[in-house]
Amino acid sequence: MSTDLSAPSHLVSPPAGSRLWQRGFVFGVGTSSYQIEGAVDADGRLPSIWDTFCDTPGKVLRGETGAVACDHYRRWEEDLDLLQSLGVDAYRFSIAWPRVMHADGRPNERGIDFYRRLADGLAERGMRAFVTLYHWDLPQHLEDRGGWLNRELAYRFADYADLMSRALAGRVAAWATHNEPWCAAYLGYADGHHAPGHRDRRWGTQAMHHLLLGHGLALPALRANDPLAQAGIVVNVAPGYAATDADQHAAAQFDAYQNAWVLDPLLKGHYPEALWALWPGCQPLVLPGDMETIGAQLDYLGLNYYSRAVLKAQGEHGFDWVNDPQVERTTMDWEVHPQGLQDILQDFQRRYPNLPPVYITENGMSSDDAVQGGTVDDPQRQSYLKRHFAACARAIDSGVDVRGYFVWSLLDNFEWAWGYERRFGLVHVDYETQRRTPKRSALALAAFLRERAGR
Ligand code: FCB
């Protein structure tokens, strides 16, 4: 591990005088269990839908899997030291459900102990734990019983939340029930790009309903077991811009599909009508009381922001993406559009009068990073972060209550269907040797955080 923490802070630092410079503003980095842990057979871990998906030919680029990943399950202490060297206030990680519960619902203490050690190790190093319960690695045996299409799973999820919030009570600053229910429901059940790989729109909306119901059912357990922690959810969002004035409706339809599908039920207590114009007849089965459960008050809302969409009208109800070949992009082919972060935060502030305090729970980018001469220079990431921090600062100046910012990701890791090719880490991982090398963006972030701490 390189110990040279010498990149200048100005490469990433937020605008002088902005709230991001205040010590109370939480800076952190994020990861998720399946993307970094590896050790898929250790300590009684059960198979997850991502193990199955990876083992299915054609689903993941180059046939890669999370079986070893960053070997974090064994190297967690080294990784916590790395986090500490960055000087972050908090670490956002997720719990692998298949590690902590046996198939009959009994706790798997060996798996639970891993997360106890992790949370304690963070506290010993002066960092706070932001814990996500579901970052997509559903136990396969639950998928075998219908997965998120089975209403029963919402109740099993609440049991899991109850178990983990008892086990980690007092060690967690903030709980998130789900990470990006949009991806779990849409990519997993409607479009097939993610595990479990189903392709049916109607299934997508039903899976979403049960994910959100599980969230609502889990909240009371989190609050009862760990009253000092915040309880919320993490949602991926993207602003939709009309390509021309004639495409306003297309942009509105995109917004219903991408943002309002998740945020309206959480913050308004109903699904957006525009979604059923886009997908006629795809309404999920909703039982009396469900929407009240889903719409329960949140302590915070986590927003993951990466890019925007530009839309044109397509057909009677729909929209299509317009891809300008001239704009700056990342190796995910995602457009770099920092202004979108400010726009969407201000837009949500207008649309949802009850918008809770916000954390940016993910923001970052992938690039082709290589170690050269013992270091990794990643100028696009440095500039990306600096521009997005500035956009966040502008949103805060305009009155949006943003309390923290988590860069995705601590480490290069298993980027789902794209395997290991797309490198999102602040820290480079050599998958042959498991050697970690902080990229220049990491060193600059550390320098900024040291400067902030010294004020
Ligand atoms: C988000 C996921 C995260 C990672 C980033 C790049 O959708 O939450 O696991 O894959 O994208």
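In this predicted model, an oxygen atom of the ligand lies 2.9 Å from an N or O atom in the side chain of Asn179. That pair is a polar contact, meaning two N or O atoms within 3.5 Å. The side chain of His135 likewise has an N or O atom 2.8 Å from a ligand oxygen, and for the side chain of Glu415 the distance is 2.7 Å. The protein covers 94% of the 290 Å² of accessible area that the ligand has on its own, with areas taken from the Shrake-Rupley method with a 1.4 Å probe.

Residues are numbered from 1 along each chain as its sequence is written. Because the model is predicted, local features need pLDDT of at least 70 and side-chain atom pairs count only at pLDDT 80 or more, while totals for chains, interfaces and linings use all residues; side-chain values use heavy atoms, with hydrogens and water left out.

Around the ligand, with a heavy atom within 4 Å of it, stand Gln35, His135, Trp136, Asn179, Glu180, Tyr306, Glu362, Trp408, Glu415, Trp416 and Phe424. This shell divides into five nonpolar, three polar and three charged residues. Here Ala, Val, Leu, Ile, Met, Phe, Trp, Tyr, Cys and Pro count as nonpolar, Asp, Glu, Lys and Arg as charged, and the others, Gly among them, as polar.

A pocket is an open set of points on a 1 Å grid over the protein atoms alone, with protein on both sides within 12 Å along at least five of seven lines; a cavity is a set where a 1.4 Å probe fits but cannot get out, and lining residues have an atom within 4 Å of a point. The largest pocket holds about 1100 Å³, a volume being the space filled by probe spheres set on the points, which are joined across faces, edges and corners. Its lining has 41 residues, and Trp182, Leu187, Gln258, Met332 and Trp334 lie nearest its centre. Of the lining of the largest pocket, α8 gives the largest share, four residues.

There are also four cavities of 30 Å³ or more. The largest cavity has a volume of about 50 Å³, and its lining includes Ile49, Trp50, Trp136 and His194. Of that lining, 10 residues are nonpolar, one is polar and none is charged. Both α2 (49-54) and α8 (181-190) supply at least two residues to the lining of the largest cavity; helices are DSSP runs (H or I, at least four residues), numbered from the N terminus.

Methods. Polar contact = N/O pair within 3.5 Å; in protein donor to acceptor, adjacent residues only side chain to side chain.
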